[in-house]
Amino acid sequence: MLVTAVLLAVSVFVGKAGSKFGMPALLLFLCVGMVAGVDGFGIHFDSAETVQLIGMISLSIILFSGGVDTKISEIRPIWREGILLATLGVMITTLITGCFIFFLLRAISPDYNLSFLQSLLLAAIMSSTDSASVFSILNSSRTGLKQNLKPLLEFESGSNDPMAYLLVVILMGLVSGGEEFSSGMLLASLGQLVMQLALGALGGLAVGWLSTRIINRLNSDNEFLYPVMMIACAFFAFSLTELVGGNAYLAVYMAGLVVGNTRIAMKHTITTVFGGFTWLVQILMFLSLGLLVNPHEIIDSQIVVPGLLLGVFMILAARPFAVFICLLPFRKISFKAKAFVSWVGLRGAVPIIFAAFVLTNLPGAESRFMFNMVFFITIISLLVQGTTITRMAQWLGLDDKIKEDEIKIRFPDEITAVTREVEVTGAMLDNGAMLKDITFPSNTLVVMVKRDKRYLVPTGSTELHLGDRLFIVAESENCENNAG
């Protein structure tokens, strides 16, 4: 418990310090685990099975939480682009990266001449963008993105793990079976892929709908039982879908999407507790991944040289090629937006967990080589791409200021009122400077005025100044527009 407490505390402080310098917190959590491991402070941890279990539980929570935080109204304009990136994009990335790996290792690393299927397997492990990394960096950067890029990237990263997982499972089965690749095998694999995706989507939607019904009928006086029930629902989505042969990772994301876009009891408590719990499992997941790796193996020339070349290829060639092919039909997305989507091809915990899965089920030197290679490329991706996302958005002119409310009040979900902050403009003061002189829609109440650093409780005779911020509570979503 003492060791766990130290690691968690150090991770929090390191993550806080790293955010000031634009370093991804998840990369720092990974480094804390590596420093604490056998090549650092000597904590011995080599159980890939335990890491796989921690990763499975953590990804269930992370993907479910990502679905809860995703608004259907935001992804509706970009769902076609997101689905193409999450499916076809993963396939294209796997194919061209696998070909590159096959010829690269034969040219510079004869000790690890992976077969074509093994090369495709290594490529599939690294083919998806990591939801934990993308959610964390985009949400902590406090930088908005134009052209609906933020929901597009979050939707893609939250929904492309199932495709990568299916490719890994299928290719691992082919590698372990020692079969030759054929067109019949490809058709059978595609059929299995479609079936598992369909069952995963249907299972997630069903469990998500049932979860909302259960939560709304729980009727407990203890509000903290609601997040516990929601965690159980997330695990139900994963496990039940897995039992019927569907893709469990897609199921938990779809279940979270249903829950997040449905009115449920104690939603604020659920999302607050889930937020803290999600960060906890992310820290534990990256710490365990850092402990599992042996840094002296990572810095070996057999890993560093091909790893650097492969990392550069994936960042500058494989990911951009897949993105531009998938987004070719969508002319409303500018070239700069496509370039930015190409840059945010972050690798993170998911590829390492997939590599640990392969390490557990396909023991041998090749599996350990794949694990070390994936770990090295993940670090390269987080260092190069993760630290430059905000600057890349600014350089391409795609950054947008996030307008955050300075006065934050949350109502119970049963209350349908909405809140807005409105800045007092000259046009609003044309008929007089007092609050009673401004015409507001019916059923609207101004409950607070912020002037400089002071907060005033207004009355009708309160005199307003230019730049004052009014906190408004109303029954309609257009209170701000009408007030203006």
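Figure 1. Thr 241 is in contact (heavy atoms within 4.5 Å) with Leu 199, Gly 200, Gly 203, Gly 204, Phe 236, Gly 246, Asn 247, Ala 248 and Ala 251, its neighbours within four places in sequence being left aside. With a relative accessible area of 2%, Thr 241 is buried; buried denotes under 20% relative accessible area, exposed over 50%, and partly exposed the range in between, for a 1.4 Å probe and protein chains only. Since this is a predicted model, local features need pLDDT of at least 70 and side-chain atom pairs count only at pLDDT 80 or more, whereas totals for chains, interfaces and linings use all residues. Residues are numbered from 1 along each chain as its sequence is written, and side-chain values use heavy atoms, with hydrogens and water left out.

**Figure 2. The protein chain as a whole.** The protein chain contains 20 helices and 6 strands. Of its 484 residues, 52% count as buried. Among contacts between residues at least 6 apart in sequence, 81% join residues at least 24 apart.

**Figure 3. Packing of helix H16****.** Helix H16 spans residues 335-343, and its buried residues are Ala 337, Lys 338, Phe 340, Val 341, Ser 342 and Trp 343. These buried residues pack against helix H5 (79-108), strand S1 (144-145), helix H8 (149-159), helix H15 (301-326), helix H18 (365-386) and helix H19 (389-395).

**Figure 4. The contact of H8 with H16****.** The two helices pack at an angle of about 35°, and their axes are 11 Å apart. Axes are lines fitted to C-alpha atoms, for helices over the stretch in contact, and angles run from 0 to 180 degrees between N-to-C directions. H8 passes H16 in a right-handed crossing; a crossing is right-handed if the near helix is turned clockwise from the far one by less than a right angle, and left-handed if anticlockwise. On the H8 side, Leu 149, Leu 152 and Leu 153 meet Ala 337, Phe 340 and Val 341 of H16. The residues of this contact comprise 6 nonpolar, no polar and no charged. Ala, Val, Leu, Ile, Met, Phe, Trp, Tyr, Cys and Pro count as nonpolar, Asp, Glu, Lys and Arg as charged, and the others, Gly among them, as polar.

**Figure 5. The largest cavity and its lining****.** The structure holds 3 cavities of 30 Å³ or more, and the largest cavity has about 50 Å³ of space. On a 1 Å grid over the protein atoms alone, a cavity is a set of points where a 1.4 Å probe fits but cannot get out, and lining residues have an atom within 4 Å of a point. Grid points are joined across faces, edges and corners, and a volume is the space filled by probe spheres set on the points. The lining of the largest cavity consists of Leu 85, Gly 89, Val 90, Thr 93, Ser 127, Glu 156, Asn 160, Arg 319, Ala 322 and Val 323. H5 and H15 are the elements that give two or more residues to this lining, and H5 supplies the largest share, 4 residues. By class, the lining divides into 4 nonpolar, 4 polar and 2 charged residues.

**Figure 6. Leu 63, Ser 119 and Leu 280 in their helices****.** Leu 63 is found in helix H3 (residues 48-69) and is buried, at a relative accessible area of 0%. The C-alpha atoms of Leu 63 and Gly 256 are separated by 7.6 Å, although the two residues lie 193 residues apart along the chain. Ser 119, in helix H6 (residues 116-125), counts as buried at 0% relative accessibility. Not counting residues up to four places away in sequence, Ser 119 touches Gly 98, Ile 101, Phe 102 and Leu 114. Leu 280, in helix H13 (residues 267-292), counts as partly exposed at 34% relative accessibility. The C-alpha atoms of Leu 280 and Val 12, 268 residues apart along the chain, are separated by 10.0 Å.

**Figure 7. Positive phi at Asn 148 and Asn 219****.** Most residues other than glycine have a negative phi. Asn 148 has a positive phi near 55° and lies in the loop between S1 and H8. With a relative accessible area of 37%, Asn 148 is partly exposed. Asn 219 has a positive phi of about 50° and is placed in the loop between helix H10 (183-216) and H11. Asn 219 counts as exposed, at 70% relative accessibility.

How values were computed
1 Å grid on protein atoms, 1.4 Å probe; cavity = no way out; pocket = protein on both sides within 12 Å on 5 of 7 lines; lining within 4 Å.
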